[in-house]
Amino acid sequence: YTVFQAVVEYYRMVAPEPVDAVPDAPYVGRQYDFIVVGAGSGGSVVANRLTEVAGWTVLLIEAGGEENAMTDVPLLVSYLIGTGYDWGYRTEPQDGVCGAMDDRKCRWPRGKVMGGTSVLNYMMYTRGVPEDYDRWARLGNVGWSYADVLPYFKKSEDLADGRVAASPEAAHLHGRGGYLKVQEPSWKTPLGPAFLRAGRELGYETPVDYNGPRPLGFSYVLATTDHGSRCSASKAFLRPIRHRPNLTVAKRTTVTKVLIEPGTKRAYGVRFVRNRRTSLVYARKEVILCAGVFNSPQLLMLSGVGPAEHLANVGVPVVSDLRVGYNLQDHVSMAGLVFLVNQSVTIVESRYRNPRYLVQYALAGDGPLTVPGGAEAVAFTATRYATNGSVVPDMELVFGPGALTGDTGGSLHRLFGMREDFYEQVYGGFRGRDAWGLVPILLRPRSRGRVMLRSANPFHAPLLFPGYLSDTHDRDVLVEGIKQAIAVSKTQAFQKYGSTLLSVPFPGCEHETFGSDEYWGCSIGQLTTNLHHQVGTCKMGPASDPDAVVDPKLRVRGVKGLRVVDASIMPLIPGGHTNAMTFMIGEKAADMIKENWIK
Ligand SMILES: Cc1cc2nc3c(=O)[nH]c(=O)nc-3n(C[C@H](O)[C@H](O)[C@H](O)COP(=O)(O)OP(=O)(O)OC[C@H]3O[C@@H](n4cnc5c(N)ncnc54)[C@H](O)[C@@H]3O)c2cc1C
């Protein structure tokens with residue numbers, strides 16, 4: 001822990017619950033119509049929409065406790081990682097990946113808190129492109145084309161007035177009055193406009209609405225924030241409905257198994273641990289897993305739904321032999337590019353500790369603390385590998401007006417799990433210097449990873465195999481992204497600030513010529529970073545797809561009364577950050593569940 005993280009952790013334990021939080025149920029009853037496991041991005045939406053039906057009772061079970069004022073501050077994300085808000089997962093070591101990280105393990109945070117990973121995330125609001133969903137539909141997922149899902153993106157959304165809302169296409173693309181607050185943070189460093197000017201110099205459209213059908217271009221970010229503070233899943237979807245009598249929320253309660261009747265193969269409840277006591281609770285209609293991309297497959301496998309051979313190896317009797325845990329996809333990136341500047345125009349950690357900014361944040365919802373996860377602007381681009389590059393970007397460049405050199409408190413490099421000696425050698429000599437960062441992100445990975453059980457003990461973390469770069473094409477595309485980022489730094493817009501690439505070779509890559517494709521290829525294997533967009537481990541697909549875990553109505557194959565509704569159902573990762581997509585999945589699932597039960 002850093003000192004500040006210790007403060008966050010202490011406050012997590014002692015802070016009173018926010019006054020408008022959904023209360024923790026004093027006890028869990030015997031039976032409910034629906035049991036929803038996990039109050040993250042998917043689960044919060046489902047619990048909200050199902051309790052709209054007054055005659056239904058819903059039990060929402062969440063392993064974590066409440067959020068608080070600390071988790072609300074957009075710039076402070078990196079301090080939350082590694083505290084009790086985070087499940088604290090790390091991957092298994094993989095050759096040629098995460099070489100600069102402690103024990104060669106990539107750090108994969110996940111929210112363990114009401115609101116789930118939407119409480120730890122960087123709050124960027126993106127959806128991917130129409131082609132992403134049309135591809136899902138072409139795989140046989142009836143009902144998931146862009147035309148089908150757009151209304152569900154709009155249903156959740158409450159877009160604040162601003163540049164995007166004023167565009168002529170806004171009414172068609174965006175929602176007003178939904179539960180989820182979306183806005184463009186008003187505070188900008190001088191480098192934000194410079195980034196947009198750089199895009200114009202390079203011939204890109206600026207700004208664009210990257211959530212529309214033509215995302216290519218340079219733009220400011222849209223964020224899931226409300227007056228400058230985080231709008232998490234639970235703040236958006238649960239707090240406003242805390243008085244509904246048919247919603248029961250059990251916090252700090254961990255589900256350890258889905259109960260499935262062996263003869264009929266019907267899910268009829270769950271086993272859970274609360275206050276160290278194990279109990280059962282029964283579902284009249286359905287059990288809905290919203291435990292996220294690692295824990296939903298883990299729970300399925302613990303309950304006998306998964307690859308038969310793997311389950312036999314860990315000693316779990318098989319109920320349904322399905323490819324659970326395969327198809328793990330993520331957007332790999334290389335967050336090590338640092339561009340030094342000759343003016344005090346960036347966010348350097350020691351500077352923003354100034355109490356003046358805290359006051360500005362608290363009173364006006366403005367200032368540097370409102371910059372979502374340190375990201376101010378973004379570009380969606382196409383590399384020479386993009387197949388349909390005029391409308392489908394294969395690269396994203398996330399612009400941060402701060403960088404690893406400004407990380408004087410160490411929270412940023414610890415967020416990546418970077419080794420201290422690596423940090424010292426590459427960045428240590430420039431500590432406290434003004435610099436900006438541009439992170440290239442591979443939007444259409446071909447590589448796949450996998451989630452497996454470590455053991456049959458539900459309290460053992462699952463085994464996570466990233467599989468990053470296992471398809472060499474991914475490395476080639478990401479190298480192009482790195483070169484695009486460097487090209488941005490060479491524009492007049494950034495040369496005005498004397499932007500220079502920090503050129504200390506990464507340990508382990510000194511044998512390559514700095515700046516060559518081979519060097520950048522090597523750098524990706526050392527500083528392998530990601531934006532935590534893992535999806536796909538409970539793949540949705542039609543009956544003809546042997547890899548599908550759930551059908552297009554998100555029902556687990558071979559089991560009755562059981563669905564998965566979270567990021568794990570995505571068959572192919574879209575070209576955008578995954579939070580809004582998960583809300584969309586929750587909205588659509590809730591409608592399908594209603595259609596199923598309300599005749
Ligand atoms: C650091 C970081 C930054 C990110 N930045 C962005 C961003 O800027 N924009 C974006 O769009 N996306 C971002 N993402 C990704 C996005 O937040 C996730 O894809 C999304 O929140 C996933 O939602 P989910 O419902 O699938 O899972 P989660 O939100 O993780 O919800 C799962 C919930 O289930 C609970 N749970 C798990 N197991 C159990 C159990 N056994 N019993 C009871 N409860 C259980 C968990 O505690 C959790 O609350 C980021 C993610 C991270 C980690």
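1. Which residues of strand β2 point one way, and which the other way? In this predicted model, Val58 and Leu60 point to one side of β2 (residues 58-61), while Leu59 and Ile61 point to the other, and all are buried. The pattern follows a general rule: in a regular strand the side chains alternate between the two faces of the sheet. Strand β1 (residues 31-37) runs parallel to β2 and is joined to it by 4 bridges. Within this pairing, isoleucine 35 has leucine 59 as its bridge partner in β2.

2. The pairing here is antiparallel: β7 and strand β18 (residues 377-381) share 4 bridges. The bridge partner of phenylalanine 218 in β18 is alanine 379.

3. On the active site: the unreviewed UniProt entry lists His533 and His577 under this heading. They are spread over 45 residues of sequence but cluster in space, with a largest C-alpha distance of 6.3 Å. Histidine 533 is in the loop between β24 (529-530) and β25, and histidine 577 is in the loop between β25 and α18.

4. Are these two histidines buried or exposed? Histidine 533 counts as buried because it has 25 C-beta neighbours inside 10 Å. Histidine 577 is also buried, with 25 other C-beta atoms within 10 Å; the cut-off for buried is 20 or more. Leaving aside neighbours within four places in sequence, histidine 533 is in contact with Asp330, His331, Ile573, His577 and Thr578.

5. On the ligand: 43 residues surround it, and the closest are Gly38, Gly40, Gly116, His577 and Asn579. The elements that give two or more residues to this shell are α2 (41-50), β11, α9 (292-302) and α18 (579-597). Helix α9 supplies the largest share, 4 residues. By class, the shell has 17 nonpolar, 22 polar and 4 charged residues. His577, one of the closest residues to the ligand, is also one of the positions that UniProt lists for the active site.

6. On the binding-site annotation: the unreviewed UniProt entry lists Val113, Thr117 and Val255. Valine 113 sits in the loop between β4 (107-108) and α4 (130-138). It counts as buried because 30 C-beta neighbours lie inside 10 Å. Beyond four places in sequence, valine 113 touches Gly64, Gly65, Glu67, Tyr85 and Val119.

7. Not counting residues up to four places away in sequence, its contacts are Val37, Ile61, Val270, Phe272 and Leu299. Ile61, among these contacts, is a buried residue of β2.

8. On the annotated domain: UniProt (unreviewed entry) assigns residues 445-586 to "Glucose-methanol-choline oxidoreductase C-terminal". The end C-alpha atoms of this span lie 24 Å apart, and the span is 28% helix and 9% strand.

9. Does the length of helix α15 agree or disagree with its number of residues? At 1.5 Å a residue, the 18 residues of α15 (residues 472-489) should span 26 Å; the end C-alpha atoms are 27 Å apart, which agrees. The buried residues of α15 include Asp474, Arg475, Val477, Leu478, Val479, Glu480, Gly481 and Ile482.

10. Two further residues give a contrast in burial. Leucine 562, in strand β25 (residues 562-564), is buried, with 26 other C-beta atoms within 10 Å. Outside its sequence neighbours up to four places away, leucine 562 touches Val258, Ala267, Glu286, Val287, Arg555 and Val556. Its C-alpha atom is separated by 12 Å from that of serine 320, which is 242 residues apart from it along the chain. Valine 359, in helix α12 (residues 355-364), has 11 C-beta neighbours inside 10 Å and so counts as exposed. Valine 359 and valine 129 are 230 residues apart in sequence and 39 Å apart in space, C-alpha to C-alpha.

Conventions
Residues are numbered from 1 along each chain as its sequence is written. This is a predicted model: local features need pLDDT of at least 70, side-chain atom pairs count only at pLDDT 80 or more; totals for chains, interfaces and linings use all residues. The expected span of a helix is 1.5 Å times one less than its number of residues. A residue is buried if 20 or more other C-beta atoms lie within 10 Å of its own, exposed if 12 or fewer, and partly exposed in between; C-beta atoms are placed from the backbone. UniProt positions are given in the numbering used here, feature names are shortened, and annotations may be inferred rather than shown by experiment. Two residues are in contact if their C-beta atoms, placed from the backbone, lie within 7 Å. A residue is near a molecule or strand if its C-beta atom, placed from the backbone, lies within 6 Å of it. Ala, Val, Leu, Ile, Met, Phe, Trp, Tyr, Cys and Pro count as nonpolar, Asp, Glu, Lys and Arg as charged, and the others, Gly among them, as polar. Two strands pair if DSSP finds at least two bridges between them.
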